[in-house]
Structure formats: structure tokens, C-alpha cells
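The entries follow the order in which I consulted the structure.

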Amino acid sequence: QLGDFEHFMLKEINEQPLALENAFRGRLNMSEGTCKFGGLNLSRKNIRQIDRILIVACGTAWHSGLVGEYLIEKYSRIPVEVEYASEFRYRNAPMDKNTLVIVISQSGETIDTLEAQREAQRKGYHVIGIINNVGSTIARENDGGIYQHSGPEIGVASTKAFTSQLLILSMLSVYLGRTRDLSYADGCQMVEAIRTLPKLVEQTLELGEEIQSIAKAYAKNKDFLFLGRLEMFPIALEGALKLKEISYIHAEGYPAAEMKHGPIALISEDCPSIVIVPDDETLKKNLSSVQEVRARKGKVIIITDSYDIPAHLADEIITVPKSHNCVRPILMTIPLQLLSYYIAVELGRDVDKPRNLAKSVTVE
Ligand code: F6R
């Protein structure tokens with residue numbers, strides 16, 4: 001049911017505070033500064049023995065896996081690789097004995113992800129799933145997992161399932177970290193950041209009108225660049241994918257520093273850049289990327305949680321609430337979802353059923 005919303009995508013964007021709460025309900029252990037999961041089927045000893053994690057997924061879920069790589073490596077200190085399921089299943093890559101495989105899939109029915117899981121299981125690896133659709137084929141066949149409980153996602157472009165995957169990966173990085181060597185104090189801070197996230201998401205959603213007017217001003221552009229560093233790089237990829245999918249505008253995501261190795265040639269008055277600028281140690285570097293774009297007459301939209309960015313540095317500045325690094329990618333995603341949504345609406349696109357796309361891809 002659409003209720004007051006014009007499209008399922010907008011409804012699902014607005015459902016994110018609840019979807020996130022559903023993802024952490026019953027899974028936070030405040031007193032021990034950790035998270036708990038009922039169905040991983042891994043003992044603490046098993047977890048200490050993991051040498052490597054391989055995350056396998058497609059599309060938006062692959063982007064959440066890339067953010068997961070940063071989170072798990074940072075907080076659990078376990079090396080992580082992320083592969084497209086379609087590549088993994090045919091590549092026969094050598095794998096370490098003590099590798100944990102994580103598959104991520106909203107639908108739980110994506111054939112490439114399912115076959116990648118079967119391939120990993122055939123070789124004896126323990127595969128856990130981060131899945132939204134309860135009872136789906138991937139969920140039934142894997143060795144353990146974490147359900148997202150986001151509720152059904154109808155819009156073809158994934159929104160609430162993506163941010164819920166990010167939150168679960170953040171919780172998993174706390175849990176793996178606390179089972180290995182993340183401190184009690186750091187664990188407590190992260191758990192508190194997760195618990196209070198839905199309020200910050202609600203505040204971020206209030207940016208809707210501001211973003212709608214920015215969307216109107218930029219909808220005529222034919223190309224966009226999305227730039228971000230570290231864990232904001234996959235968020236840039238996701239922003240570009242959302243825009244492509246529902247508005248049919250060409251968009252590319254890049255690590256901000258890679259721009260000078262080629263994509264900078266694209267920059268002109270007609271190719272705006274959306275730059276994600278978190279208030280962290282990358283801030284100055286990101287602002288110098290912004291200046292490189294501006295020096296070539298490129299328009300810049302900054303998405304940030306810093307209150308100190310001089311207004312003259314960008315054409316538009318969208319400010320989200322400040323948050324802990326482990327949940328910040330979620331808050332940075334929301335303006336990108338709204339921007340692509342309102343651009344697509346402005347162009348009169350079929351937002352919930354974009355051309356050539358299906359909600360779950362069951363062909364190879
Ligand atoms: C993008 C999108 C797709 C899916 C991909 C994997 O908005 O929805 O890229 O993320 O097809 O689907 P699941 O997560 O169902 O395996």
C-alpha cells in the first residue's frame with residue numbers, strides 16, 4: 001500500500017528509521033558493548049580462527065559489501081575481500097582455509113549470488129547470508145545468517161534494504177571485533193551510535209524539500225560524477241547507480257583522489273560532481289578535490305556532516321547530522337537516494353519500475 005506517498009521508492013526511503021530499528025532490535029548488548037546474532041552457527045572459537053572474509057553479492061548489495069570491507073577491517077581487523085557473485089562463481093579463485101564467506105542479497109533469489117553460495121559450500125566453506133527475504137532460496141540453503149527484517153521492498157531501486165545491510169555489517173564488525181580485540185569502550189560507543197541512529201535518519205529525511213529543489217535545478221544534466229574517499233567511495237558508487245537506474249542519466253562513482261587519473265577530463269559546466277565530505281581526517285583532501293572540480297568550471301554539490309565548510313566552496317551544500325564513523329555511510333546515503341528520486345520524478349520517469357530492470361534477477 002502506497003499510503004500518502006506517490007511512489008514505493010519514496011515510501012521505502014521514508015521507512016528507513018523503522019527498517020533500521022528492525023535490523024538491530026534484540027541484537028544490541030549494551031552492557032557488554034557488543035552485538036549478538038542468533039543464527040550464525042559459529043562458535044566464539046570459530047570466529048577467532050577466521051583469517052579472511054570474502055563478501056559476495058551483486059549490484060547495490062555489492063556496494064554494501066564494499067562498505068562492509070572498510071568496517072570489518074577497521075573494527076574487527078580481519079582482512080576482507082569483496083567480489084561480484086557473477087565473477088566469483090566462474091573464477092575459481094584460490095581461497096584460504098579459514099575463510100568465512102558472507103553473501104548479501106535483499107531478495108535472497110539472485111541467481112548469481114545463489115550459485116556463488118553453492119560454489120563456496122561445495123568447496124567446504126561456511127557461508128552466512130545477510131538476507132531480507134525470509135525463507136528465500138539463499139536463506140534456506142546457507143549455513144547461517146542474519147535476517148534484515150526491512151519489510152518488503154517493492155521499488156526496483158533498492159533503498160531501505162541497502163541501509164539496513166550497512167547497519168548489519170556495522171553490527172557484525174562490532175561483534176567480530178569484540179570477539180577478537182575491539183575494546184569494551186569502543187564497542188559501547190558503536191552500540192550506542194547504532195541504537196540512536198533512527199533519530200538521526202529521521203532528521204536527515206527532513207532534507208527532502210531542500211533536495212527536491214536542488215534536483216529540479218540539476219535534472220537537465222546528462223552526466224554526473226560521484227566522488228568519495230574510503231568508506232564513502234562505495235556510497236559514491238551507490239549514488240551513481242541509483243541515478244542511472246531510475247533517471248537514465250549517465251553517472252560514475254570514483255574514489256575522489258582517482259579523479260586526476262582520468263575522469264577529470266569529463267569535468268565541464270555540464271557535468272556536476274557530487275562530493276561526499278565527511279567531517280573526518282579526509283576533509284581537507286576532499287575539499288582540495290572540490291577545488292580541482294571548481295577550477296574546471298564543474299558544478300559541485302557537497303554532502304557533508306561538517307558545519308565548517310565555507311559556502312563559497314560549493315554550489316550546494318547538503319548537511320546531514322553528525323554521527324559515529326560506523327553509521328555515517330548510512331546518513332550520507334539518504335540525500336543521494338532523495339536526489340536521484342526527485343531527479344527521476346522531475347524527468348517523468350517510471351520510478352518504481354525503471355525500464356529494463358527487474359526486482360530480482362533470476363537469469364544468469
Ligand atoms: C539496485 C538493485 C540491484 C540489486 C541486485 C542484487 O538498486 O536493486 O542492483 O541490488 O540485483 O539484488 P539482491 O540484493 O536481491 O540479490
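Entry 1, the shell around the ligand. I sorted the shell residues by class and noted 4 nonpolar, 7 polar and 2 charged. In this scheme Ala, Val, Leu, Ile, Met, Phe, Trp, Tyr, Cys and Pro count as nonpolar, Asp, Glu, Lys and Arg as charged, and the others, Gly among them, as polar. I recorded that the model is predicted, that local features need pLDDT of at least 70 and side-chain atom pairs pLDDT 80 or more, while totals for chains, interfaces and linings use all residues. Residues are numbered from 1 along each chain as its sequence is written, and side-chain values use heavy atoms, with hydrogens and water left out.

I then asked which residues are the closest to the ligand.

I found a polar side-chain atom of Thr-110 at 2.5 Å from a ligand oxygen. A polar backbone atom of Thr-60 is 3.1 Å from an oxygen atom of the ligand, and for a backbone N or O atom of Val-156 I read 3.3 Å. The ligand taken alone exposes 410 Å², of which the protein buries 90%, by the Shrake-Rupley method with a 1.4 Å probe.

On a 1 Å grid over the protein atoms alone, a pocket is an open set with protein on both sides within 12 Å along at least five of seven lines, a cavity is a set where a 1.4 Å probe fits but cannot get out, and lining residues have an atom within 4 Å of a point. Of its 24 lining residues, Cys-58, Gly-59, Thr-60, Lys-359 and Val-361 are the closest to the centre. By class I counted 10 nonpolar, 10 polar and 4 charged residues in this lining.

Entry 4, the cavity. I found 1 cavity of 30 Å³ or more. Its lining includes Phe-224, Phe-226, Leu-243 and Ile-343. Helix 14 gives the most to this lining, with 4 residues; helices are DSSP runs (H or I, at least four residues), numbered from the N terminus.

Notes
Near = heavy atom within 4 Å. Polar contact = N/O pair within 3.5 Å; in protein donor to acceptor, adjacent residues only side chain to side chain. Points joined across faces, edges and corners; volume = space filled by probe spheres on them. Helix = DSSP H or I, 4+ residues; strand = E, 2+ residues; numbered from the N terminus.
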